[in-house]
Amino acid sequence: MESSFHTLHEFMLFTESMTYIIIVAALLGIVAFWRFLNGSDRKKDLGMDEGEE
Amino acid sequence: MSEETTAVKKIFPPDRSLYTPFNVVIGAILILGVILSILRFTGGLATVTNLDHNYPWGLWIGFDLMAGVALAAGGYTTSAAVYIFGLKRYHSAVRPAILTGFLGYALVVVSLTYDVGRPWRLPFPFLVQQGTTSLLFEVAACVGLYLTVLFLESTPAALEWLGLKKLRNIVTKLTLVLTIFGVVLSTLHQSSLGALFLIAPGKLHPLWYSGYIPVYFFVSSIFAGLSMVILESNLSHKYFKDKMDETHLKEHDRVTLGFAKGASFVMAGYVIIKIIGISVANQWALLFTPYGAWFLVELLGFVALPCFLYAVGVRDQNLKLIRRTSIIAVIGVALNRLNVCLIAFNWYLPLSERYFPHIGEIGLTIFMVTIGILVFRFIVTRMPVLYEHPEYESH
């Protein structure tokens, strides 16, 4: 990740681009994590909890 | 029997022996603490601390204050969840959480009297020189006001115990106002404690320094508070089970699962904003340095890992896993505050000039924690904190 920047524009372009990619990945990831976190609730809703699986 | 005798028996029940292993250890710590306190207030800071011009803030600020305030956040998170967001199923967790918060903040103020060179000047920001442009003024104002709020919020248990019904009913009517006030004040000073470091970009290691540090401190205080409630609830369940009523015992598991879910989600958000912070400042290369490795230990080992373990615990309804995870999460928050205040602070100094706490500082920190545990134990074994007083309806 070593990068040399000659202008502020280059620095901003690189960091902002990286940040936007991370934000998009994070938004998708957090939705997946929320679904993972609520896995037991979904099981309950489907009546699969407590030995019914 | 006179009223005075009854009161004395209430405070010191005669059926309990004073010479238990717990009391002996606690007694030894208290004696040591009193000796260190005398040394501090007669000999000055240099007698019991290693503080110098490079490190005017040491263990007492890094742990007692910064970690103490973060871990005492359980008070505002729990009362906000119950009274503002209407999650009444966690009601039984409110009183112990408020009590833990109140004791935490009270000990922060006591620790400050040890740490500040001239403690009698603590009221000066309000009385002599307001210094309203200083973040420390804001922190002082918020901590002072929030301590008052926590005191008022924790009084119903004491008033029920003392049988002062009228006063108790007046304080109970203020619950919602106090909760809102508490959330506002906590949001302000939890973030301001982080903002204090904005003034030291050259001193704090770039991986920990960020323009977002106030946000980091605030967000981490939320899961610190939730994790502390889980830990405290688990310990109370273990040691004061006989003091808990049916409702408390029934709601215990639900509180653990609910708070773990909340903490896990907030921790995930915290990891994301920390990564965004690195990206915005383009600090990726620093992750491959020794400090970078330490930063990753803190972020991955003490935030991302407990976040995942909480999630697995919630999914599998594994309460044991959640309880153990809360210990990692609490240590993680304390480690973060110590990193910001001490370990990653003045990181460029040679090892010979770095700060390591004096034995007196460590001793007095243990003394403060012990006082907190003792007062908590004194209160929950006597007042209706872990159970509802039969004469009062749930509010």
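Q: What covers the buried residues of H10(B)?
A: In this predicted model, the cover over the buried residues of H10(B) includes H4, helix H5 (74-84), H8 and helix H11 (213-239) of chain B.

Q: Which residues of H10(B) are buried?
A: A residue is called buried here if 20 or more other C-beta atoms lie within 10 Å of its own. In H10(B), the residues concerned are B:Thr179, B:Gly182, B:Leu185, B:Ser186, B:Leu188, B:His189, B:Gln190, B:Ser191, B:Ser192, B:Leu193, B:Gly194 and B:Ala195.

Q: How far apart are the end C-alpha atoms of helix H4 (residues 59-71) of chain B?
A: The end C-alpha atoms of H4(B), a helix of 13 residues, are only 16 Å apart. A straight helix would reach 18 Å, and H4(B) falls short of that.

Q: What is the crossing angle of helix H8 (residues 135-162) and helix H9 (residues 165-173) of chain B?
A: The angle is taken between N-to-C directions, and values over 145 degrees count as roughly antiparallel. The axes of H8(B) and H9(B) cross at roughly 155° and come within 9 Å. H8(B) and H9(B) are therefore roughly antiparallel to each other, and their crossing is left-handed.

Q: Which residues meet where H8(B) and H9(B) are in contact?
A: From H8(B) come B:Leu152, B:Thr155, B:Pro156, B:Leu159 and B:Glu160; from H9(B) come B:Leu167, B:Arg168, B:Val171 and B:Thr172. By class, this contact holds five nonpolar, two polar and two charged residues.

Q: How many residues of chain A are in contact with chain B?
A: One may begin with the residue counts: 17 residues of chain A are in contact with 16 residues of chain B. On the side of chain A, helix H1 (8-37) and helix H2 (39-45) are the elements that give two or more residues. H1(A) contributes the most, with 13 residues. The side of chain A that touches chain B comprises twelve nonpolar, four polar and one charged residues.

Note on methods: Residues are numbered from 1 along each chain as its sequence is written. Chains are lettered from A and ligands numbered from 1 in the order in which they are written. This is a predicted model: local features need pLDDT of at least 70, side-chain atom pairs count only at pLDDT 80 or more; totals for chains, interfaces and linings use all residues. Helices (H or I, at least four residues) and strands (E, at least two) are DSSP runs, numbered from the N terminus. The expected span of a helix is 1.5 Å times one less than its number of residues. Two residues are in contact if their C-beta atoms, placed from the backbone, lie within 7 Å. Ala, Val, Leu, Ile, Met, Phe, Trp, Tyr, Cys and Pro count as nonpolar, Asp, Glu, Lys and Arg as charged, and the others, Gly among them, as polar. Axes are lines fitted to C-alpha atoms, for helices over the stretch in contact, and angles run from 0 to 180 degrees between N-to-C directions. Angles under 35 degrees count as roughly parallel, over 145 as roughly antiparallel, 65 to 115 as roughly perpendicular and the rest as oblique. A crossing is left-handed if the near helix is turned anticlockwise from the far one by less than a right angle, and right-handed if clockwise. A residue is buried if 20 or more other C-beta atoms lie within 10 Å of its own, exposed if 12 or fewer, and partly exposed in between; C-beta atoms are placed from the backbone.
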